[in-house]
Amino acid sequence: MYMNDGLGGLVDYSLCLATTSKTSWTSPPLDAPASYTFAVRSTDIITGLEEKNVDAVVDLALDSTARDVTDLPLPPRGLRAFAVAGGKLRVEWTDSQDGRLQRRPLGYRVYLGTGSRPDYATPVAVVSWGGGRYAGYSVDIDGLVGNQAYLVSVRAFGTSGEEQNTTVVTTLMDVEPPDEVDSLVVSVINRKA
């Protein structure tokens, strides 16, 4: 068994961490937060020769509480929120587009708050992954109070749980937002000389 330094670096194959004749192994206590890579190589018990693969590896990412966050989806990018017609708040963001299938989000939870942070206990909207045009997503939230500052956050969730990003945008709702457009009339003007 071999591993890296826990800082996301390369595996150190010059230092054997452990040997085992079994197909499983338990590491010693690990520091957190950290980004570990563990590697395994086979050794012939008669000759002592070791094969030299560099692809039998597994990654392990731990957050500051030592929770395994290896397969959590990445947080969304480009979060913005703004008032729109009808007294609604539009929240927009883009997908992080992580290529690893196990990290692909199932969806996004939108959180709202009026104090010092959003209320992460109850999302105000849930948006499924895959419905965004060009990996972009939006949701309109209504029923908000005018002349109130709102803190908005969006977190991705997947089969391994919800990522814990703390990106927040603040927006002020209009006291009297404009009405939505009811109808639109288009007239063609023919200008022949």
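**View 1. N147 sits in the loop between β8 (136-141) and β9 (149-158).** Strands, like helices, are DSSP runs numbered from the N terminus, with at least two residues (E) for a strand and at least four (H or I) for a helix. This is a predicted model, in which local features need pLDDT of at least 70 and side-chain atom pairs count only at pLDDT 80 or more, while totals for chains, interfaces and linings use all residues. Residues are numbered from 1 along each chain as its sequence is written, and side-chain values use heavy atoms, with hydrogens and water left out. N147 is not a glycine, yet its phi is positive, about 60°. With a relative accessible area of 53%, N147 is exposed; here exposed means over 50%, buried under 20% and partly exposed in between (1.4 Å probe, protein chains only).

View 2. Look for A66 in the loop between β3 (57-62) and β4 (77-84), where A66 counts as partly exposed because its relative accessibility is 46%. For background, most residues other than glycine have a negative phi, and most peptide bonds are trans.

**View 3. R41 is a buried residue in a loop.** That loop runs between β2 and β3, and the relative accessible area of R41 is 13%. The R41 side chain reaches the backbone oxygen of N53 at 2.8 Å and makes a polar contact with the side chain of E50 at 3.5 Å. A polar contact is a pair of N or O atoms within 3.5 Å; within protein, one must be able to donate a hydrogen and the other to accept it, and residues adjacent in sequence count only if both atoms are side-chain atoms. Setting aside residues up to four places away in sequence, R41 touches Y2, Y13, E50, E51, K52, N53 and V54, where contact means heavy atoms within 4.5 Å.

**View 4. Y36 lies in strand β2.** Y36 is buried, at a relative accessible area of 5%. A polar atom of the Y36 side chain lies 2.9 Å from the backbone nitrogen of D31. Y36 and V58 are 22 residues apart in sequence, and their C-alpha atoms are 8.3 Å apart in space. V58 is also among the residues that Y36 touches, including M3, L30 and L60.

**View 5. The largest nonpolar core has 20 residues.** Such a core is a set of buried Ala, Val, Leu, Ile, Met, Phe, Trp, Tyr and Cys residues joined through side-chain atoms within 4.5 Å. L89, V91, W93, V110 and V152 touch the most other members. At least two residues of this core come from each of β4, β5 (88-94), β6 (107-113), β7 (125-128), β8 and β9; β9 gives the most, with 4 residues. Beyond its neighbours within four places in sequence, V152 is in contact with residues including L79, L89, V110 and V168. A second, separate core of 7 residues includes M1, A18, A34 and Y36.
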